[in-house]
Structure formats: structure tokens, C-alpha cells
Amino acid sequence: MTLLLVVAMPLATSLVITFLGRRLGRRSAGAVLSFGLALAFGAALAIAQAFAAGRTSLDAPIGPWLPLRGADLQLVVSPPIVPLLVTLSAVSALIALAGIGAPADDEGASRFAGALALCTGALLLVVIASDLLLLFAGWELLAVGTYLLVAHRHDRPADAAAGVKASVIARIGDTALLVAILSLFATYRTTDIVEIFQRSGGQPSAPHGTAALAPSLLVVVGALARSAQVPLHVWLPDVTRAPATGSALLQSAVVASGVVVLLRLAPILHPDALASAAAIGAVTALAAAIVALAQRERRALLAWSTISQVGLMFVAAGTGAAFAAAFLLITHAAAKAALTLCGEARGSRVAAFAIASGTLALTAVPPAAGYFSAAALAASLVDRPLLLAAVLAAIPLTGLYAARIPSLSRATGADASASPLGLVPVIVLAVIALSVGGLVATGAVSLGTPAPDVSAVAGLACAALAFAGLVAGLALRARPLGLPRRWVEYARSGFGLDALYRMSLVAAFNGAARILDAGTERLLEEAADRVGRLVVRVAALVNGAHGRYARASEVVVLAAAVGLVLYWTVR
Amino acid sequence: MPTAIVIVPLAAAVACALPYVSRAARPIGVIAGLAVTVLAALSLALNGTVDMRTTWATDLGAGYAVDLDALSATFLMLVGLVFAIGAAASARVASRREYFALWDLLLASLAGLFVARDLLLFVICWDACLIPLVVVIWQWGSGRERRSAATRLLVYELGGSALLLVAILSLAVARGTLDFDGLAARRVPPSGQLLPALLALGAFAVRLGLFPLHGWLPRAYAAAPVPVAMALCGGLAASAAYGIVRVDLTLFPQGMSAAAPVLVALAAVGVLYGAVVATRQDDLRRLIAFANLSQLNLVALALFAATATSLRGAVLASISNGLVIATALLLAAMLARRTSSFALSRAGGLVASTPILAALFGATTLAMIGLPGTSAFAGDVVALAGSYERFPAATATAALGLIAAAAYGLGAMRRAFQGPPLATGMDLRRRERALVAPLLTLIVLLGIAPGLLSDRIPDDALPALEVGR
């Protein structure tokens with residue numbers, strides 16, 4: 001029952017807010033939203049308590065859904081999922097709370113609140129759905145919520161276009177996941193995740209070999225699209241168009257959905273597919289960190305830093321380091337939410353504190369949380385030198401760009417400063433970002449999976465690298481580096497990938513659509529018209545012949561009938 | 001009951017044509033549609049199929065045989081509902097008397113088609129649909145293209161049903177009966193099934209809009225009055241899907257199985273084709289028509305794959321598609337009333353002045369592109385899951401249509417409702433909301449609990465092919 005509440009509360013809140021619409025003022029919409037999400041968080045806490053008291057699994061069958069085996073409305077939680085559930089619901093509730101005080105345009109406030117609730121509910125559904133199709137449903141709803149948040153300001157055409165772009169990329173990932181589900185269903189005759197795991201004998205690679213690779217790779221593609229990893233990351237820099245609370249939710253919680261799915265499905269995925277996910281994550285972490293370094297705007301820098309950090313989570317999830325992945329996810333969610341929420345605030349001391357602690361939490365400088373999660377990741381990668389090298393390279397890069405966060409200019413036309421009420425949750429988030437690392441590392445908070453032993457060398461190396469990066473960043477931030485401007489601008493544009501896609505894929509699709517619409521469609525119609533005209537002409541000919549050969553038409557009919565009878569008898 | 005379900009709309013048609021009663025033509029049309037839905041639902045609930053048989057044209061082995069089983073009743077519930085709402089939406093038509101008489105006639109012939117258990121009766125009803133349909137498009141349609149659209153529809157459909165007629169005549173000659181049960185009991189030998197299967201499919205594929213036989217479809221949707229376009233997707237397309245199940249797959253299973261690889265490939269191409277072309281449309285009705293085309297080809301794909309799961313999915317998807325496209329067309333008409341045009345380029349920024357229309361249109365668009373929680377997803381995913389067992393490559397190709405669907409669906413929403421406000425208008429009136437509400441409720445209800453419908457259809461009602469596994 002509590003399990004149902006976790007998902008049902010946000011979704012019900014979304015429905016209520018949507019139905020009440022404008023009758024709900026901006027503040028009351030925010031209050032209803034915060035209340036609903038807080039209830040969901042409460043339910044998540046209750047679940048966490050039950051697990052802390054010794055429960056090992058919890059599932060809630062709600063009812064049948066689709067006429068396919070396993071495709072029922074059923075929720076399930078296992079110990080490794082609990083911390084994710086708590087984190088994501090807590091972060092969403094705090095963001096919603098901050099949104100009450102945050103300045104926003106009055107018009108469409110309830111639409112916005114509804115979208116926030118929808119996003120949260122869908123995300124939590126992804127976390128605890130027990131069958132693949134329900135998980136897919138959560139993903140798709142999440143895409144809708146993302147669209148509504150990004151395209152919220154309807155009078156700005158570019159925002160709407162960005163929303164469509166985000167949804168189309170999300171759909172690419174969803175389609176990959178759907179085909180993977182279809183294939184898994186065809187193999188295992190069920191869509192229930194646990195059942196698939198049991199039927200595959202716990203070793204998906206053994207019975208089917210490479211045949212099991214294709215669906216696993218498709219799942220990875222879906223996760224890439226949803227978690228903004230190379231090459232499907234181009235939608236994430238655009239989410240900064242959403243109002244600050246929306247942007248915060250998208251960058252801290254929603255973007256983790258791909259990681260969540262990888263973590264949840266890892267037992268039924270082919271090891272090679274997971275390895276490729278880790279490799280892509282490493283590439284993304286490095287490339288996005290470099291792009292972040294080249295940004296001139298705080299919002300854009302934060303967006304690219306999100307991509308980079310999620311890349312590290314991919315490395316962890318892909319190498320089976322569930323502990324490190326969950327740890328990174330928690331740290332990043334709190335830090336990024338705090339940073340994004342006060343990314344727009346001016347000069348207040350609280351905001352400065354939040355920005356400073358968020359920045360510290362991003363980098364692996366002890367005692368901020370980032371240090372512990374990065375060290376856990378490095379410790380679990382000791383037998384994978386390439387990935388370890390990438391992670392160790394990403395740590396100082398993170399320090400370099402994070403050092404620029406406090407001093408960067410805010411975007412032009414940014415929102416006015418937040419009200420005091422909106423700052424309370426931000427402080428909470430900042431405190432979490434600072435302290436959660438120590439709590440987890442000392443064992444005060446359990447993540448449901450065994451923690452790797454962090455050797456002193458690994459810890460020291462991480463700390464030293466991060467510190468070096470941060471100091472170098474602080475020292476260099478005001479100085480031009482003397483790099484060619486063309487390079488910097490190239491990096492700032494995300495290595496031009498967005499433009500490349502626009503010129504290649506999007507243009508190709510539009511061209512194909514134009515050809516089909518103007519060419520084939522007209523061709524088909526014309527062909528039909530030709531046939532029609534031919535029939536008319538033949539009819540006219542027959543009619544003309546009728547006069548001369550009186551019974552010609554009867555003969556034709558008779559011949560046809562005889563032919564048919566012959567066909568049936570002779571055959 | 002099966003006879004009553006035909007008599008009621010027929011009586012309504014007659015009543016509409018009478019001089020004094022015709023003032024109430026619209027309520028009569030609504031009632032006739034509702035009556036069909038209620039009767040079908042009753043027979044589904046009572047689970048009693050009262051069939052009736054009398055011989056008629058004994059030389060051909062044809063007779064009057066009707067029956068209302070689960071499959072027919074399920075489809076008829078949809079048809080009745082769409083017709084009731086379509087009649088209610090036909091608020092301002094010229095020459096109401098004739099319009100509603102033809103409208104009820106169309107409903108009656110569709111009802112006859114769904115209850116017929118005799119091939120000749122089936123074909124008579126099948127072709128009888130065309131007369132009111134073509135006349136209505138010809139006379140009440142919009143735009144300069146309506147005449148040519150009506151002609152094309154007629155020629156395409158008659159071409160298809162000519163092929164069906166040939167198949168039926170040859171069956172009558174070979175088997176001496178046209179009764180469905182009699183024919184199903186004594187099927188044509190497997191080696192000879194391919195030709196009659198394809199001949200019969202000629203009619204069904206044209207009406208369903210199987211790629212590349214869909215030439216009539218976009219024009220007809222764009223030219224027909226909106227209620228009639230609703231009837232096209234909610235009635236005619238459903239009847240084609242029903243025909244494939246009832247005639248082709250039941251009577252010629254091996255023939256269909258032999259042709260399946262080619263047909264499935266065509267359908268998969270059609271799914272993609274419709275979705276891609278829909279992204280280029282400016283006329284909202286044409287956009288919906290191509291979205292519909294894409295969905296119908298998905299239905300066709302699942303029908304041709306003919307596994308137990310895919311057929312169930314096809315029935316669900318077909319019914320859901322009728323509901324969703326009808327809702328979309330209804331909302332398109334309401335949008336057009338505010339912008340005086342169906343062109344998306346004339347709309348824009350409407351979310352500011354008409355938030356409720358925007359919300360309902362958004363919800364319908366999401367249903368159109370198969371969002372989970374709507375009936376479209378339930379139908380699509382079951383259909384795809386069933387088809388994937390036999391034809392993984394084609395099904396995966398068809399699934400790519402989902403990506404293009406996101407592009408056209410959200411693209412349409414963006415163009416109509418976002419951006420600088422080009423048009424303003426009153427938000428939806430209560431009467432308009434009341435028209436859309438039942439459809440949308442049903443879409444969501446069937447999306448969350450498709451079992452309401454799916455559990456009513458027993459496995460043996462679906463002529464699934466035995467797939468060796």
C-alpha cells in the first residue's frame with residue numbers, strides 16, 4: 001500500500017492540479033504539489049524504515065493490465081532500490097517546495113506544477129515498476145513531463161522546438177527499449193523483470209549467447225537517450241530553457257532514469273552490453289567535462305556538468321558497481337538541485353552558501369560527498385585500468401570547471417531573486433550534498449549494497465586530483481588560456497554535434513518525408529487515376545463494340561463464369 | 001437481438017426521412033447510435049448469442065444468417081458510440097433530413113455487416129455502406145476536392161469488393177453454401193487457399209488502407225464532413241479489420257499464412273510511411289488521416305501475423321484507433337471553428353486563449369502517438385508483442401514509426417498551441433466538452449484496464465494460426 005502511494009500520490013497530484021487548472025492560484029498550485037510530493041517522500045521513508053528493520057523485499061500487486069503474461073500493474077522494491085527511491089522522492093519534494101517561493105510567471109503556473117508532479121510520479125514508477133512494460137510506461141510519461149517542462153513558455157518558439165527535440169530523442173530511446181522488451185518477451189514469454197531473471201537462469205549470456213546481446217544493447221541505447229549520454233545527449237543542454245525548478249528536477253532527478261534502468265536491469269543484460277555502457281559513460285564524462293569547461297554561462301555549464309556526472313554513473317552501473325552508482329546518483333542529485341535552484345539567485349548569502357557547497361559536492365574534495373562517491377567508484381574499478389584512468393582524468397576536469405561556477409555570469413533575462421521561503425529547501429539540499437557522503441561512508445546510512453573497500457591510495461589520489469583541479473581552476477578562472485578561439489568555440493558548442501545532427505539526420509528525415517509526401521503520395525494518387533481513366537476508356541470501347549457485336553458483353557461475362565467453374569473443378 | 005441491431009438504425013433512417021419527424025433527426029441519430037452500443041453491450045454482457053438462420057437464395061446456398069457474438073458485439077459497441085457522437089456533432093448541416101437519413105442508413109449497413117453470418121449478406125452490407133458514404137461526401141463534403149474524393153473512394157472500394165465478389169462466387173460454386181459456419185467446417189484445401197484469400201483481401205485491404213492501396217484515404221478524410229470522417233475511422237476501418245478476421249483468417253488460414261511475409265512487409269512499410277508523411281502535413285485533417293493510416297497498418301500487421309496475442313492486440317488497437325482518431329477529428333473541427341481553417345499554419349499560440357481545448361487536444365495527441373495509459377498503447381503493444389513472435393524484423397521496423405509519431409504529434413501540438421498567438425477564440429463550450437469527454441474517458445479507461453474489453457473476447461473467437469513453438 002505504501003508502495004502504491006509512492007507512485008500514486010504524485011500522479012494523483014498531477015491530475016488534481018490539471019483538473020483544477022486556473023482555479024488554483026500559483027501559490028496554491030505549488031502548495032498542493034509540495035504536499036503531494038511530500039506524501040510520496042513520506043511513503044518512501046516508511047519503506048526505507050521497513051527495510052532498515054530487516055525486510056528484504058516488498059511488492060504490491062495492484063491488478064491486471066495488459067493481456068500479456070507479466071504485464072500487470074505491480075510494484076516491487078529490493079534493497080538496492082530503496083536509497084534511490086528515497087533520494088529521488090526527497091529531491092523532487094524539495095524542488096517543489098522551493099518552487100512555491102521561486103518567482104515564476106503566473107500564467108500557466110498550474111500547468112507547470114502538474115508537469116512537475118507528472119515527472120516525479122513517472123520517475124518513481126520507473127524506479128519501482130515490477131514489469132518491463134510498466135517501466136516503459138513510466139519512461140514515456142517521463143518524456144511527456146519533460147516536454148511540458150521544457151516547452152512551458154509557450155510564447156517562445158525556440159522552447160517549444162527544444163521540447164519537441166527532447167521528446168523525439170526520448171522516443172528514439174523508448175523505441176529501442178520497446179523492441180528490446182518485445183524481444184525479451186518473445187524469448188522468455190513474460191515481461192516481469194524478476195521472472196525473466198529466473199527464466200534466464202541468472203546468466204543471460206549463457207543460453208543464448210550473442211542472440212541475447214541485441215536486446216541488451218537496445219536497452220543500453222534507451223538508457224543512453226534518457227540519461228543524455230553521447231551520442232544522444234543533445235537534448236540536455238536545452239532543458240535549461242525550462243523555468244528554474246523544472247530545470248532543477250530534470251537535471252538532478254529525471255536524467256538519472258537511464259542509470260536507474262541500467263541498475264535495475266543489469267542482472268538480465270548481456271555483460272558485453274553493460275561494458276559498452278561503461279565505455280560510453282567514460283567517453284561522455286570526459287568529453288562533456290571539456291565542453292563544460294568552455295562554457296561562458298552558468299546554466300549551460302551546469303547542464304554539461306550534468307552530462308559528465310551521469311557519464312560517471314554509467315561507468316559505475318556498467319561495471320556492476322551498484323554501490324558507487326547509487327552513491328554518485330544521490331550526491332549529484334542533491335548538489336545539482338541546489339546549484340540549479342540558486343543558479344539564478346543574486347547576491348544573497350544563503351545562495352552563496354548553497355552554490356559553494358554544491359560546487360564542493362560536485363568535486364571530489366573531502367569532506368564533501370563527491371569525494372566519497374568518487375573514491376567508491378575508483379575503488380571498484382581497480383581491475384579495469386582504462387576506465388579507472390578515464391575516471392581519474394575526469395576528477396580534476398570536474399574540479400577545473402566547478403571552480404568557475406561561482407564566478408560565471410547568469411543567463412541574461414534570468415528570473416529575479418528567490419524569496420526566503422524558496423531558500424529553505426535549497427539549504428537543506430546543500431546540507432545533504434555536503435554531508436551525505438560522510439554518512440554513507442561511515443555506515444550511518446546504508447545503500448543496500450555492499451560498499452567497496454576504499455584503499456588509502458585510491459582515496460588520496462582522488463582527493464589530490466580533485467584538489468589540484470579545483471585550485472588550478474580557481475587560479476586560472478580569470479585568465480585567458482591562450483587557446484585558439486576557434487577551438488574554444490567549437491568545444492562550447494558541444495563539438496558541433498547539435499549542428500551536425502541538424503544538417504545530417506534531421507535534414508535527411510525531413511527530406512525523406514518531403515519526398516514521400518510530395519513524390520510518392522502524388523505518384524500513388526496519379527497511378528490510381530490512370531487506372532481509373534483506363535477503365536473508363538475500356539468501358540467506352542466495349543460500349544462502342546456492343547453496338548456492332550450485339551452480345552459481346554454477355555460473352556465476356558459467360559467466359560468469366562466458365563473460367564471460374566473450370567478453375568474450381570480442374571484444380 | 002442481432003436483427004434488432006440492424007432494424008433500429010434502419011427505422012431511424014426511415015424516421016429521419018419522414019416530413020415531421022425529421023425535425024428531431026439529430027436526436028434520432030444519437031439515439032440510434034446509442035441503441036446499437038447498448039444492444040451490443042447487452043448481448044456481450046448476457047453472453048447469449050441468438051443466431052437466426054433462414055434460407056433465401058438457395059441456388060447460391062445463401063441465406064439470411066445473423067449472429068452477434070463477442071467479436072461482433074465488441075466492434076459494434078465502438079461503431080454505435082462513434083455514430084452517436086458523430087450525430088451529436090453534426091450540428092449545422094444543410095438538408096438535415098437527407099443527411100441524417102443517409103447517416104442512419106450507413107449505421108444500419110455497418111451493423112448488418114457486423115452481424116452477418118452469410119457471405120452474400122456480408123457483401124451486400126459491405127457494399128451498401130458505400131452508397132450513403134459516397135453521397136454524403138459528394139454532397140456535404142467541404143472544399144473543391146470533395147467530388148473527386150468521393151469518386152476515388154467509390155472506385156477504390158468497388159474495385160476491392162469486385163475481387164471479394166469473385167472470391168465469394170467461386171466459393172459458392174465450389175462449396176454450395178455461403179454460410180460462415182458451413183464454410184469454416186469445410187474449408188478449401190490448403191493448396192488452393194492463396195488465391196481466394198488474396199481476392200477477398202482486396203476489399204479489406206483497400207478499406208483498411210493497407211499500403212499502397214490507401215490512395216483514397218487522405219483525400220476522403222480531408223474532404224468528408226468531420227462526423228463522416230469519424231465514421232470512416234470508427235466504422236469503416238473497423239469493419240475492414242473485422243472482415244479480415246471473420247472472412248480471410250477464418251476461411252483461408254493457410255492462404256493468409258502463405259501470403260503473410262509479403263503482407264506483413266507491406267504493413268510495416270505502411271506504418272512508417274504514414275507516420276513519416278504525417279510530419280509534413282499542414283492540414284490537420286490530413287495529418288490525422290496519415291496518423292490513422294499508420295495505425296491501421298499496424299492493425300493490419302498484427303492481423304497478418306495472426307498469432308493469438310497479435311489478433312487480440314489487433315482488435316484492441318483497431319477499436320482504440322477508432323476512438324482516438326474520432327476524438328482527434330472532433331477536436332480538429334473545434335479548433336478549425338476557432339481559427340476558421342484546418343491549416344496548422346493559421347493556428348498558433350492557442351494555449352493562451354483556449355487552455356481546455358489545448359489540454360484535451362494534447363491528451364488526444366498523446367493517445368494518437370501511443371502514450372502508455374491510453375488505449376492506443378494497450379492495443380499497439382499487445383499487437384507488436386504478438387507480431388514479434390512470427391515476424392521480428394517487420395515488427396521492429398514498424399516500431400520505428402513510434403519515433404516519427406512523436407515528431408508529428410508533438411509537432412502538431414507545437415504549431416497549433418505554442419508560439420506567438422496568431423489566432424484567438426473562445427475556449428470550448430460545455431456542449432463541446434460533453435462531446436469529447438466520453439471518448440477521452442473511454443480511451444484512458446481502456447488504457448488502464450484493457451481487460452474490460454479484452455477479457456470479453458474468448459480465445460476461440462480469434463482464428464489464430466498455430467505457430468510451432
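Me: How many residues of chain B are in contact with the 51 residues of chain A?
Reply: This is a predicted model in which local features need pLDDT of at least 70 and side-chain atom pairs count only at pLDDT 80 or more, while totals for chains, interfaces and linings use all residues. Residues are numbered from 1 along each chain as its sequence is written, chains are lettered from A and ligands numbered from 1 in the order in which they are written, and side-chain values use heavy atoms, with hydrogens and water left out. Contact means heavy atoms within 4.5 Å. On that rule, 51 residues of chain A meet residues of chain B numbering 68.

Me: Which residues of chain A lose the most area to chain B?
Reply: Buried area is the accessible area (1.4 Å probe) that two parts lose on being put together, summed over both. For chain A and chain B the value is about 5,000 Å², with 71% of it on carbon and sulfur atoms. On the chain A side, 14% of what is buried comes from three residues together: Arg171(A), Leu182(A) and Trp568(A).

Me: Which helix of chain A holds Asp498(A), the partner of Lys165(A) in a pair that links distant parts of the chain?
Reply: The side chains of Lys165(A) and Asp498(A) form a salt bridge at 3.0 Å, N to O. Lys165(A) is in helix α6 of chain A, and its partner, 333 residues away, is in helix α21.

Me: Is Arg285(B) buried or exposed?
Reply: Buried means under 20% relative accessible area, exposed over 50%, and partly exposed in between (1.4 Å probe, protein chains only). Arg285(B) has a salt bridge with Asp283(B) at 3.4 Å, N to O. Asp283(B) is partly exposed at 21%. Arg285(B) has 10% relative accessibility and therefore counts as buried.

Me: Which proline does a cis peptide bond join to Val230(A)?
Reply: Most residues other than glycine have a negative phi, and most peptide bonds are trans. In chain B, a cis bond between Phe211(B) and Pro212(B) has omega of about -5°. In chain A, omega is about 0° at the cis bond from Val230(A) to Pro231(A).

Me: What is the relative accessible area of Ser340(B)?
Reply: Ser340(B) is not a glycine, yet its phi is positive, near 60°. Its place is the loop between α14 (308-339) and α15 (350-353) of chain B. Ala228(A), with a positive phi of about 55°, is buried at 0%. Ser340(B) is exposed, with a relative accessible area of 63%.

Notes:
Salt bridge = Lys/Arg side-chain N within 4 Å of Asp/Glu carboxyl O. Helix = DSSP H or I, 4+ residues; strand = E, 2+ residues; numbered from the N terminus.
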